[in-house]
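Hello,

I am passing on the structure below, together with some notes on it. Please have it open while you read.

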Amino acid sequence: MNSDAPSSSSGAAGSADPATPRRNSKRPKYSKFTQQELPACKPILTPRWVISSFMLVSIIFIPIGLASLFASKDVVEIVDRYDTECVPPGSRNDKVKYIQSSTNNNCTRRLMVKKDMDHPIYVYYQLDNFYQNHRRYVKSRSDPQLKDEKDENEISDCKPEDDINGKPIVPCGLIAWSMFNDTYSFSRTNQSLKINKKGISWKSDREHKFGKKVFPKNFQNSTFIGGAKLNSSIPLSEQEDLIVWMRTAALPTFRKLYGKIEVDLKKGDFIDVLLENNYNTYSFNGKKKLVLSTTSWLGGKNNFIGIAYLTVGGLCFLLAMAFTIIYLVKPRRLGDPSYLSWNMNPGGRLTS
Amino acid sequence: MNLDGETNLKLKHALNLTASLRDDDSFKHFKAVIKCEDPNEDLYSFVGTLSYHGQQSPLSLQQMLLRDSKLRNTEYVYGVVVFTGHDTKVMQNATDPPSKRSKIERRMDKIIYILFGVLILISSVGSVFFWLSTRNDIRNGELDRWYLRPDDTTVLFDPKRALLAAFLHFLTALMLYGYLIPISLYVSIELVKVLQSIFINKDQEMYYEETDKPAHARTSNLNEELGQIDTILSDKTGTLTCNSMEFVKCSIAGVSYGRGMTEVERARAMRKIYEHPEVGDSLTNLLKTSDAEVGSSKSIKGFNLSDERIMDGKWVREPNRDIIENFLRVLALCHTAIPDVNKESGKISYEAESPDEAAFVITARELGFEFYERTQTRLFLHELDPLNRRMVNRSYELLHVLEFSSARKRMSVIVKTEDNKLMLLSKGADSIIFGRLSDEGRGFEAETKEHISQYSEAGLRTLVVAYRELGEKEYKLWAHEFFNAKTSLAADRDEVLDATADKIERNLILLGATAVEDKLQKGVPECIDKLAKAGIKIWILTGDKMETAINIGYACGLLRQGMERIVISLDNPHIDAVEKQGDKEMLAKASGESIARQIQDGRSQLRSFKESPIDFGLIIDGKSLNFALSDGLEHSFLGLALSCVSVICCRSSPKQKALVTRLVKVGTGSTTLAIGDGANDVGMLQEADIGVGITGVEGMQAAMSSDFAIAQFCYLERLLLVHGHWCYRRIAMMICYFFYKNIAFGLTFLWFEAYASFSGQAAYNDWYMAFYNVFFTSLPVIALGVFDQDVSARLSLKYPLLYQEGVQNTLFSWSRILGWMFNGFISSVIIFYFTTNSITLQAFRSDGHVLDYEILGVTMYTCVVWVVNCQMAISINYFTWIQHFFIWGSIAFWYLFIIIYGYLPPTISTTAYKVLVEACAPSPFFWLVTLLVVVSALVPYFTYRAFQTRFHPMYHDIIQISRSEGREKMSPAELTEQGKDGSISITHIED
């Protein structure tokens, strides 16, 4: 009788001596990854962390806000709205009719320089309530056609400004067709100020999106003339007004670069602007403004970003202070759970 | 597919008629007819006959091999295929597995509906505005926005058909704002869940060395549900217990043998020590000695009898040695086990149908009746002859096996000894065998009954052993009748067989009783304690007797001393009296009334103790359960059961288990988990929200129909408290964050639209949009879903109360979801308005260039990518290099993408051509806006969290902070304390 005989009640269950190493063990291999024990930092919102994060934000934000505000303050900006003023008083009841019928739309405006303006002074036109981001409008162009003279028949996106009597329009589409065509010329004490219109567009646009061998064709030849006409002897890559216009604006109120004045303007100077008021914004009650602006290291005049930085920075400072006071006045340790109790009534719902 | 859930050997015999056909040649002219029943799903019966050479022979389960059976102890068999394909019993049994979805996913669907509603709402609002502006494009024949050529346009923008245009715009808008609906969420969640399951499968802590089985997540879509379990419904045998039976005691001829102490007894002893400390010492000693004993005699599996009176052949000196001899002979012969002789060592092991049976044969071997060979008709033993005390070889001719079935509750064999005596050897349940004893065979009935009740109180399974000698004549008569019954083709063959067997199993002579311990699995009491501390209710549903179940309840700590027990059963004199009258309707009525009254009593008892700290345990038996589950009573029963800390349903059938599970699931609406190991638990596993199968000895059936398979009950603790909690938290966070990031992005479209006269123009380049959910925001959120952990595994196990976050669904409550959505709304507003107000009108660079559509798109998109990724960074709790890599990598990849994309020719890159390099990067505004927007968009959430952790911290916040302050070294008892009425309150910690 072997009392130490190993006996197994069920051979099928595969019971084996655990001490012997198994060749095909299914034991999962140990690695920190599979056992989910990777070294990790576990950020916790301790008072110190909270206060120092808020402080850090305010320490960074307040100086940035101040710097932005100062930069914005340095910028001198002259804005002149002329859409109503440039319509003769008799026609102001029906400005649309005036703009559509009148041939002589010359108008003069006198601008006063309130502060010294160092060159370059950027000249913008600003339109209002003009939806350059309208889906129909944005899509109504043909990039291949602008780039390459061989693709001038690629006008499928351009309807209804795609062709005239079967001949393709170059540049086709609503954007080009509706190009802004007010013109400005400036003079200071009867001495004309030269406007530099070179380099007002993006370099990549000039070089890569608008072809050097693509010339305007059949442009504005239909009965319904939209906006500006183009000199058909100048290639598109040099038609910078067009290039600027074709870069559609993001929002319905926008400025576009018209040119640069390369001389300094002094405080008290009067600038006479002779402008041709051609462009029809009256149908849709859009405003037109002429803007002369210098720039700072940051850009144009905008107080929003400075104020936003200061507000957020200040808010964080206040929060930091508030938390500091809370922790100082009631120095309860956060880990102290005495405030919280989970009462599980028989229904098992949490009432806390 | 192992259908009946048992891996134990099934004995199969060829018919005597065909047993002579042993090689291929003999089948050359084999012609036979098989008549059998139609295909059906019953695994435990097969009715048919085989006619061969004019002779008929019955076919039964013994001759049938189910599909996918594996042969043991023989190389090959010859067989006839009776049913194939869908006619096989396996396929007949196949039911469509229930499709289970987690509560979180179902709630997620609701959120999607809501978002879809929002989408339709904002699309319609947009369409109304679009309608108004389009309609006005031609006023009194005048072109309003002439630059759009409204006089010569497509249907999409036609002022004359403005309503149609508005409808078409509505469709466009649905597509445009489609980012509100995170379609990629479903894909991401699937991916995350698969990865989570891999982590569950790979967990070393859930690998069971002994059977070489790791945990196995069989479905991946219920991971987070593991973190929300409110009620666990557990099987007992094989789940709480090992299902490895150990023969620990026996009662022979009215004398009880066996001094070992069972786990249950030990638990009871511990309770006694707890209650009466004065007797503690002696009992502790007793416990220690019994431990030592168990330790020393542990070498034989299935046998744990320690009694010097009968060990090592000493039983021959006992006064009743004849009875002992017969008793052991029954153990050695009355079974269907097969000996397996190890050729090298000559040692014998047994393969038996059930572990109890193996324990019996092993016990017989250890005490001197070694069963070593079985043939078709003979059994061979090495016997210890009590007269000359030597081992002799004896063989017994096996005439009949009257098999065990749950209806019969007994098993008998009829053998012919070498001296031509016919013996009927029986073992069976006490209730059956005691009724079949002959008058002269009841010599020590009273003592045996006493012992049996002691044994079952100690948590042991008992069987009564009896025998009888048969007269030659009587046997022949009976054998003929039995043969006829066997060969009949009638549908009620089984009943006839049972009735015939019943005729011979009478007038038995009692020998004694056996007691087999069903050992508790390792770590079960600790695990149950942990789960209870996590606020999970545990119900035991078992087929065992009430006493056994209660004892197991005590042993595993489910019932505690000082708990008030409410017992609902039909074992009362009134019912017995009605039963005797035999009127079934009356009985049913009386029983129903009795149960209703007992439930009412229980409830009033509960009510009267409401204010006192006493916990209640409810125990109900299967018969009562039938009535309690009926229409009228189920709600009051459920109400009673839910007010009790633990519930034990004993004597319950598989169907009742499933019904109870459904009752809890539907009645309370809470999440249920069923755990079981046997085929009888399958219904329960499929009915519950989550079925966990134990891959134990009872086969794979339960594991196959489960959602998660583990090897040991105690792994449930880790599966729920660690993986469940993590997965719940991860998925909840992930979904919330997903909604956040898609709302933050999607709504910027809407704000932009408001400034583009709702024409349906997207603010961004198509490719930015297409890649948003693919490259720039997807990986961090997947990393969140796979890796995030609020507290480590060790701490989740240490503070089980943390689990309540899932049960009460605090991380995926509506307020939290809406909070995250609101956060997304705020972020989108900040992103759009801060960006546009900062840079649109004036020159945004020092060289006078102004912003255009392309630059705004890039700037806003940059802000979106930064904001959503940084939001991720401040909302996760666990930063490994993976998180760092994904979060910062996503942001970096956006810049990389826009640079590379911008360098492609303008026909491909369109609006993105050189936009970053030429226009944005040199502009200080671009960088300042990014910084401003990112910080501003994060401040609201950060402030909220800071206030929350200060004034109303969540439980995981507390643990995290304790950990960081190094105070978690305290015991959980100091942090949490079990309060009154099961209410758990966290008491403060002394610093």
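The notes below cover the cysteines and then the cavities.

Please keep in mind that this is a predicted model.

Disulfides

Over all chains, the count is two disulfides.

A:Cys158 is in the loop between α4 (143–147) and β4 (163–164) of chain A, and A:Cys172 is in the loop between β5 (167–168) and α5 (174–177) of chain A, so the bond ties together parts that are 14 residues apart in sequence. Again, A:Cys158 and A:Cys172 are both buried.

Cysteines without a partner

B:Cys556 is in no disulfide; the nearest cysteine sulfur belongs to B:Cys527 and is 9.9 Å away. B:Cys556 counts as buried because its relative accessibility is 0%.

For B:Cys863, the closest cysteine sulfur is that of B:Cys920, at 10 Å, which is too far for a bond. B:Cys863 has 0% relative accessibility, so it counts as buried.

Cavities

There are nine cavities of 30 Å³ or more.

The largest cavity has a volume of about 110 Å³. It is lined by 13 residues, of which A:Trp202, A:Val244, A:Arg247, B:Val850 and B:Asp852 are the closest to its centre. In chain A, α7 (240–246) and β9 (254–261) each supply at least two residues of this lining. By class, the lining of the largest cavity has seven nonpolar, two polar and four charged residues.

The second largest cavity has a volume of about 50 Å³. From chain A, A:Phe33, A:Gln36 and A:Leu38 line it; from chain B, the lining residues are B:Phe787, B:Gln789, B:Tyr878, B:Thr880, B:Ile882 and B:Gln883. The lining of the second largest cavity has five nonpolar and four polar residues, with no charged residues.

Regards

How values were computed. Residues are numbered from 1 along each chain as its sequence is written. Chains are lettered from A and ligands numbered from 1 in the order in which they are written. This is a predicted model: local features need pLDDT of at least 70, side-chain atom pairs count only at pLDDT 80 or more; totals for chains, interfaces and linings use all residues. Side-chain values use heavy atoms; hydrogens and water are left out. A disulfide is a pair of cysteine sulfur atoms within 2.5 Å. Helices (H or I, at least four residues) and strands (E, at least two) are DSSP runs, numbered from the N terminus. Buried means under 20% relative accessible area, exposed over 50%, partly exposed in between (1.4 Å probe, protein chains only). On a 1 Å grid over the protein atoms alone, a cavity is a set of points where a 1.4 Å probe fits but cannot get out, and a pocket is an open set with protein on both sides within 12 Å along at least five of seven lines; lining residues have an atom within 4 Å of a point. Grid points are joined across faces, edges and corners, and a volume is the space filled by probe spheres set on the points. Ala, Val, Leu, Ile, Met, Phe, Trp, Tyr, Cys and Pro count as nonpolar, Asp, Glu, Lys and Arg as charged, and the others, Gly among them, as polar.
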